[in-house]
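Colleague: I am new to reading helix packing. Could you walk me through it, please?

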Amino acid sequence: MSNAKFITLEGVDGAGKSTHIDFIKSYFTSKSLDYILTREPGGTNLGEKIREILLNDEMSPITESLLMFAARSEHISNLIRPNLSNGVTVISDRFTDASYAYQGGGKGISSSTISQLKILVQKDLEPDLTLLFDLPVEVSIERLNNTRVLDRFEKQDYEFHKRIREAYLNIANENKDRFHIIDSTKSISDIQNDITKILDIITK
Ligand code: TMP
């Protein structure tokens with residue numbers, strides 16, 4: 001039986017997800033485990049084109065949700081499922097939980113609308129493990145302001161980021177079997193220890 005896993009990484013913008021992706025990659029490489037790293041929105045040629053539009057163009061929340069799931073549909077059919085079938089672990093920098101958090105919690109699209117899109121696009125596919133990089137909103141906004149040019153999502157206000165964090169924490173509470181919350185206020189080495197312990201269990 002294939003031991004390939006579907007692992008997703010989530011969190012508010014600025015919670016340090018990108019910092020820990022290199023570490024996660026080196027974990028899989030050092031154990032000689034086959035994996036690919038991908039991202040949402042994006043991950044395929046068409047998905048990356050949709051990402052450009054999503055991150056730069058103004059649009060209504062429902063259009064935004066539909067485009068997220070259009071990119072996700074391509075991603076699942078052309079990249080995620082084929083790799084899992086070939087025994088390759090797929091690590092995705094964001095997945096459907098981000099739609100519940102951002103378009104749901106952040107922009108007010110109902111959970112039932114997102115669930116309908118999820119059923120249509122995702123069918124029986126669920127992550128085996130989701131790492132939620134969690135950080136108080138004050139800290140994430142400060143980190144964002146200090147680091148880079150902000151995209152359309154990152155430029156939103158405090159209340160928006162607060163709703164996203166709360167939505168993520170609610171989803172994590174409702175799905176304790178697959179979620180691990182990573183406290184991003186900890187030091188990088190403590191976080192790496194936490195990640196190692198979790199990955200040791202899932203790859204056993
Ligand atoms: P990234 O900066 O982590 O690559 O993600 C790009 C942005 O897209 C980020 O601000 C979160 C947002 N996003 C959603 O709003 N809904 C989604 O379903 C996904 C996957 C991402």
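**How helices pack**

Modeller: Helix H1 (residues 17–30) and helix H8 (residues 188–202) pack with their axes 11 Å apart, at an angle of about 40°. Helices are DSSP runs (H or I, at least four residues) numbered from the N terminus, and axes are lines fitted to C-alpha atoms over the stretch in contact, with angles from 0 to 180 degrees between N-to-C directions. This is a predicted model, where local features need pLDDT of at least 70, side-chain atom pairs count only at pLDDT 80 or more, and totals for chains, interfaces and linings use all residues. Residues are numbered from 1 along each chain as its sequence is written, and side-chain values use heavy atoms, leaving out hydrogens and water.

Colleague: What is the orientation of H1 and H8 to each other?

Modeller: Angles under 35 degrees count as roughly parallel, over 145 as roughly antiparallel, 65 to 115 as roughly perpendicular and the rest as oblique. H1 and H8 are therefore oblique.

Colleague: And how do H2 and H3 cross?

Modeller: The axes of helix H2 (residues 45–56) and H3 cross at roughly 160° and come within 8 Å, so these two helices are roughly antiparallel.

Colleague: Which helix holds Arg 72, and is Arg 72 buried or exposed?

Modeller: Buried means under 20% relative accessible area, exposed over 50%, and partly exposed in between (1.4 Å probe, protein chains only). Arg 72 lies in helix H3 (residues 61–85) and counts as buried because its relative accessibility is 2%. Contact means heavy atoms within 4.5 Å; not counting residues up to four places away in sequence, Arg 72 touches Glu 40, Phe 95, Thr 96, Ser 99 and Val 121.
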